[in-house]
Structure formats: structure tokens, C-alpha cells
Amino acid sequence: MDPSPLDTQTATNDLDEPTERVGYDFGLNRRAFVQVLGAGLAITASPLPALGQQRGGGRASDQVRNVAARIHIGKDGVVTVMCGKVEIGQGARAELTQAAAEELRVPVGRIQMVLADTGLVPDDGNTAGSRTTPSTVPLIRKAAAAARNLLVEVAAQRWGVDRGTVEVRDGKVIHALSNRTLSYAELADGEDVTKAFAQALPPDVTVAAVKEWKVLGTSLPRPNARDLVTGAHQFPSDIQRPDMLYGKVLRAPAYSAKLVSIDLAPAKAMKDVIAVQDGQFVGVVAPSTLRAEQALDAIAKTAKWETTPHPSSQKLFDHLRENVQGGMPKNPFADELASASKKLRQTYHVPYVQHAPMETRAAVAEWKDGKLTVWSGTQNPFGYRGELERAFRLTSDEIRVIVPDIGGGFGGKHSGEAAIEAARLAKAADKPVSLKWTREEEFIWAYFRPAALIEAEATLDEKGALTSWHFINVNSGGSAVETPYRVGKRQSRFLSSNAPLRQGSYRTLAATANNFARESFMDELAAAAGADPLNFRLAHLEDDRPETKRLRAVLEEAAKRFNWRERVKRKDRDIGVGLACGTEKGSYVAACVEIAIDRAKNNYTVRHVCEVFECGAVLNPANLVAQVQGAIIMGLGPALREEMRFENGKMQNASFDEYLVPRFADVPELDIHLLDRPDLPSVGGGETPIIAVAPALANAIFRATGTPVREMPIRLPGSKPA
Amino acid sequence: MDSTITFQLNGQSRTVTTDPERPLLQVLREEFQLTGTKYGCGEGDCRACTVLVDGRSIASCLTPISRVDKQTVQTIEGLATGDKLHPVQEAFLAENAFQCGYCTPGLIMGVVALLNEIPRPTEADIQTRLQRHLCRCCGYPNILKAVRRAAGRSTR
């Protein structure tokens, strides 16, 4: 096949993290227009621009002007490192500790990593988009290396020796010629170090080469692991403050419902209960969660609501199609369509899903002298602070957001509504207030992963080579919307629509939907071309671009480890094998899946997943394997069962009993292999490993049943939803 | 009407006067500041709130405080002996059986209860018991390793 130039410009709307924020306004001058989607949840009309994808390192690189903003060396030798990222369970705390220890040349136990306290740390942006590894780790390494260089310089000056004769080992600066040693702690005690750390960061600092790594590249466990197994770690929802009270917020009975009236008297009549209404916001505060629940129930009965029609999940995809921005575009490749040997056009559906982290949204808010401190579970501490600034008309120095390591996020905790609600209640109570969303609130009122309607059309020539490619994602986003294959003329686009639910980021966001559609479509095209799915992909991955080679490498490795070429020949009508690959955020993944079909019950089980993943030089192998395992199993959720059902603005499966996330019994045999590439820069690995499992599973069903899969969750032909 | 309930909590006698229907989970967290026991769903579907009552695991979010009157309650905070971790805690630590760690206390208590009831659990025993617990990070492979390790240790 000839590599053909792009005849058509690819138009991809870059909306990687289009999280809708709640437009609370509790300032004195209420803004004129706030779109209301339910009491307690007023949502700004249009998504804010991306916060998570600050290319080139985030705001920190502009903000951190000296070593002191990042690193403090205590007289006890403890090195405190300050970073704006959040530990969500993805392993940032370990990785950032490794980065600092590596460059400072101190044992990891000497590093104390302070994360995500806006009163102490620099703004390193949202913890999203797999940016900690490629952006923040280098910033920490450079600051740590700069600190080490400054300590060497100061020691050399104190001794009056040439700095080239001084070396650093184990947190000590050593001058072997004169047999003199100064520990970091001894050095840090001096004015000269304080002065040096206040100087501007040098623009270019050399960091350790991969082959010199002693700490990076090893499997450092999570530094605060012991506190997790003893229950000592306080998650945001565990924070206790003196005189703290418990809050509850009134939620609407349905999406788009508007509060007309409510009587707060029944709550106010209860002992020690405070009830507050501020426009559409209604909440109560009480000395215990139970009392707060009782008070809320008492006033909820008096509430009158105005509802408006809302599309149901049954009609979701029609609704998205009817409301596509600018209408559904036509395939521009008329010549290819006319001359094609074969052409295919298919539509793919991916429903709304919830993140459902184990820890629901939670916040403790405390006002003191007009200043606000909030402990809360968010991936986006500085963005959160911004939301609080807007809601209460405060300045950034009047707000401190503290994020103790949180109980899961998966892209679901970028917005600040829980903190704003807790702060509003705390203001009314004039005492610290703890607010924890219930599981039901989390299912209904947290933002969703956007549903996707995807249309794909492609043409093949007589040799079975792709000659054109037209791919339209409606509503879910532009992540990985472009095909990595050589397809001839191509156009891949993301178009927004009128989203019926509040939507936002999710682990790899739209890359999962786009890769599901693309990779399922590739198997249909392979079948049309009469080609094996592996051979068909490899034939369209033949150019010399590094990206193509990296994708090819993971695909070939997965096929080899899975023994694809043999297993695909086996003739067992109840066993299916499928494969898929993809790339996103600079990393590469391929998966092979085996399923077993129970014809009598018309269902199937996923028996074996073999996945190969490559994200450059591996920083922490054990943590990366855990992330890949978690991503595969989490990805099985929407592949097998997860979908949010709604009608008349009401969620119909807002519980773990009805919205079925993966459990232990869903874990297949896992065969995970990391392709370490020490020659390439490290990129994040917590997200992309999720994108291959659903299409590989779909393709296994296609192979076993002969019926192509075009919807998630993936069901056998004729089977009913779980 | 409030009731007065007295129970053994992590080896100490405790008394609380409160609504008898108030969930044990809320009493542990709000009256005794034992926040190691977590709220996950309030419906017994995720078991992040697992504690032991007389050595058996229960979902504290669904258990009214009146049910533990004169009973013995053990939470994650009462599992280690001083600095010495319980073998199940050791096993979770050794296998890095957590990602965010929010489900960890409930899982550990669930496994302690399993080993109390069945000191030598089969693979099926383990699977059946763990099926109650949710981990949204889906760190199930390492959790399984930890439970197998703990189960092996308990047979010695």
C-alpha cells in the first residue's frame, strides 16, 4: 500500500477534560444567569476549558521560581518536598518520592512528601490526563537536583575547596581529599543555604540518566501504606475538627427539577438543627449525621418542585443525533466511496457511566476570621480553590484547600461542589461542617462519563487495503479520536451535542469509546477484507513513524504471548478470541481476550486477558502493573454491565445493587507484560491500559458468534441486559 | 427516644446514649472518632464498613447500635497489638493490596472474620467471602494474593 498524504485536514476539538462545574454563587452580587439542574446543583451553561491538559508541565513551571518553593531540609535531616498533585491511589506519592530521593541522593525514608495543600505547595495543575509522570516528576527531579547542586556549592564554599572535588552520597556532602563530611541537615542549618535556596531556579539542571537510576525504576511501595492497613490514614471524609457538625443538602427529585417552595420550619423545630436556604440551595446542619438526615427528610416533604421534560436513556442516542452541533457531517470522500471494492458504515453506542469511587464526594469546611479552610477529596485542589473563590467572592489567599490522600477518583473528582456546599453550611452554622455525599447522591449528581454516539465509515480496495476513513464521535470527546492506522484519506472528528446529563472527565475519557468503536470496526473491516484481525492491523501499521512502531511492538508482543496465531485456528464454537490495540497520552497498549460462551444460558465469561503496555521508561514497575490490572478490570465494568439508566430525569439504577461494577468473580486470568523503554521519556500509565479490553472482548464475541458488536455493554445476540 | 447502650469496643467498655436505630457506623465515627471504618454505600453492598461483632463480620452501616448492646465490637483500630500488626494487616502490606486504600480496612476485617470462622479456607471460601467486598480501583489481584498469604499463615 502506498502511504497517502492527508487529503483532508483532521478536525479534532480538543476538549480532553470538559468537566462541567456547578455554578454556585453565594457572593453578595448574585450573577444574573445560572442554569439550574436541581436544587443544590446549578450547572454553568457551557463546559469550562481544559484544566487537566496543561501541555508543557502545568502552571507550576511558571510559579516555582526557587528551590525553597519545592524543597525544605529540616535540621533533623528530613527533606520535605512540596507538590500540588493528589494521591488518588494511582501511586503519585511513591513516584514523586522516588523522583526527589533519586536526585537528592537520600534514602526514600528521609523524604516527606507534602501533597495538595494550597497553603503550602505550588500549583502543579489538576491531577489528570496522566500528567504527573511526564510533567510533574521532571519538575520535582529538577528542583531536587538543583537543591543538591546548591548544597554542594555551599559545602565547597565553606571548606574553600573546588566544587568538582566534592561528592554527594546518602544525604551527605563529602570531600574525600580532606576527609570532611557535612550532612544535609548540618548544611541546612546555615544562612548560606537559605540564601541559595531562595535564588532563582537555574533554567537547565542535569538530572540522572536512566542507566544511573538507583531509586527510580524500582518498586517503591506507597510511603504511607502502613496507615492504610491500620485505619490511621485520614481520608478527606475522616477529618475531624473541634465542634464539628454534620451537613446534608437537599437534592431535587429529578434532573432539571426546580425548587418552587419549601418550608424549613420542621427542621428548625428540631433540637440543635440549623436549616438554610439560599436560592435553590437548601441544606441542614446537625450534631450527628442521623439528625441531619431526619431534619432533611422533614423539610423535603414540604418541598414543591417544577419539573421539565428530560430525555430517557432509551432515547439517548436519537437525542444525541438530533442535537449534533452543525448536524451529522457527510462523508467527504465521494471518489473513494464510488470506486471502493468494499465499503462499510457502522454506528456505535456507549452509554453514560459513573466513576463511583469508593469514597464519595466529601468535605469539611471551617471559617475563621472570614477565611475558609476546606479538607476535601478532589483531584484538582487549585481549581477547587478557584471555584470557592467564585462562589464566595473571596481571594485566593483567603482560602486554603487541603487534600489528604483520597479514596479514588478516576477522573470523577475535578469539580468543587461538595466543598462549596460544606462551606455554605459552615457559614450558616458558624462551626466546622462535615458533608459527605451518599452513594445515591454520588450516582445521581456527580458528573458522568459522557455517552458516545460514533459513526464510522471506511472503504477498501481490491487488495483489502483501507483507502478512506470517516469517523465521527458525537458528545463524548476527542481523546484518541484519530486513527493510528494508515487508512488513506481520513477525517476524524468530535462534535458536541445537547448532553442530557452533567458530564465530565473519566479515566482516558473518550479514548475508551473511540477505541471501542474503531477497534470493533477494524475487525468488521478485516472480515470484509477476508483477513485475520492481527494481519489486517499489522498491514495498516507499516510506516516508519516512531508511534507506528511502538503500537506495532505492543500488538506483536501481545499476540505472541497470547499465542494468537494458534488460538485463532482452534475450532471450538463456545470459545472466542479477540484482540485490540490503541494509543493515547503517549502510551501504547494491546490486549488479547478469550471468552467462553454458555449457549444454554446465552451468556459469556471473560476467561483470559493478555495485555502488553508501553509508556517509555518505567518509573515504578509494581505500581504500574497494579495500575494496568486495575484499569483492565475497571474497563471490564462498562464492557460487561455498567450503564446509567434514566427516565423522566430520574436515575433508575443509582446503587451498587443495581449498577453493577466489577467484583472479585469478574477477575479473569490476567497476563500482563510491560514493555520497558529506558530509551524513551516516561509517560503516565494509569489511564491508557483501560482502552483495549472492551474492543478485544467485543471482537472475541464477533469471532465466536459471527455477529459484530456495536454497543457497550457487550451482550450476546438476543440476550437481555443484566 | 434515646437508649443507653453499653458494649465492648476494641477491648474497652463503652457507653453511648443515642437513637437506638442509629447505625453502628455513625456511632463509631461520630461518637468515638474511629474513622478507620468507612462509609461506602449505606446499603451493605460494598462492605467498606465491615467490623466484627463477637468475631463475625457485619456491615456496620446497616447495623443499628441497639444490636450491639452487651456485645463485643472490633474495628480496624483494634486489630494490631501495639506496634505489632495482625497477620492479615501484614499480608495486605506485604502484597501492596491497596491502591487508594479506602476499601482496605473493611476488607481486612472481612478476612479476619473469614479466618476466624474457617481457619483453612479453600479458594472457593475465599472467593465467596470476597465477593461481598468492592474495590473500585479494582486492585483485586493483589488483594487475592494478600488473602491467600494470610490464609496460608493461619494454617501454620
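Begin by selecting helix 19 of chain A, residues 693-705: its 13 residues span 18 Å from first C-alpha to last, close to the 18 Å expected at 1.5 Å a residue (the expected span being 1.5 Å times one less than the number of residues). This is a predicted model, in which local features need pLDDT of at least 70 and side-chain atom pairs count only at pLDDT 80 or more, while totals for chains, interfaces and linings use all residues. Residues are numbered from 1 along each chain as its sequence is written, and chains are lettered from A and ligands numbered from 1 in the order in which they are written. Helices (H or I, at least four residues) and strands (E, at least two) are DSSP runs, numbered from the N terminus.

**Around helix 19**

Helix 19 of chain A is largely enclosed by the rest of the structure, because 11 of its 13 residues are buried (20 or more other C-beta atoms within 10 Å of a residue's own, with C-beta atoms placed from the backbone). Among them are Val693(A), Leu697(A), Ile701(A) and Phe702(A). Next, display the partners of these buried residues in chain A: helix 14 (511-529), helix 15 (533-539), helix 18 (621-640), and strands 20 (575-584), 21 (587-598) and 22 (603-614). Just after helix 19 of chain A, select Gly706(A), which has a positive phi of about 80°.

**The four-stranded sheet**

Move to the open sheet of chain A with strand order 12-17-18-19 and mixed pairing (two strands pair if DSSP finds at least two bridges between them). Strand 12 (342-350) and strand 19 (489-495) of chain A are the edges; each has a single partner strand, so one side of each lacks a neighbour in the sheet. From one strand to the next, the twist averages 10° (axes are lines fitted to C-alpha atoms, for helices over the stretch in contact, and angles between N-to-C directions run from 0 to 180 degrees). Strand 12 of chain A runs antiparallel to strand 17 (residues 452-460) of chain A, joined by nine bridges. Select Leu344(A) to find its bridge partner, Ala458(A), in strand 17 of chain A.

**The three-stranded sheet**

Finally, select the open antiparallel sheet of chain A in the order 4-5-6. Three bridges join strand 4 to the antiparallel strand 5 (residues 172-175) of chain A, and Val168(A) has Val173(A) of strand 5 as its bridge partner.

Methods:
Buried ≥ 20, exposed ≤ 12 C-beta atoms within 10 Å, placed from the backbone. Contact = placed C-beta atoms within 7 Å.
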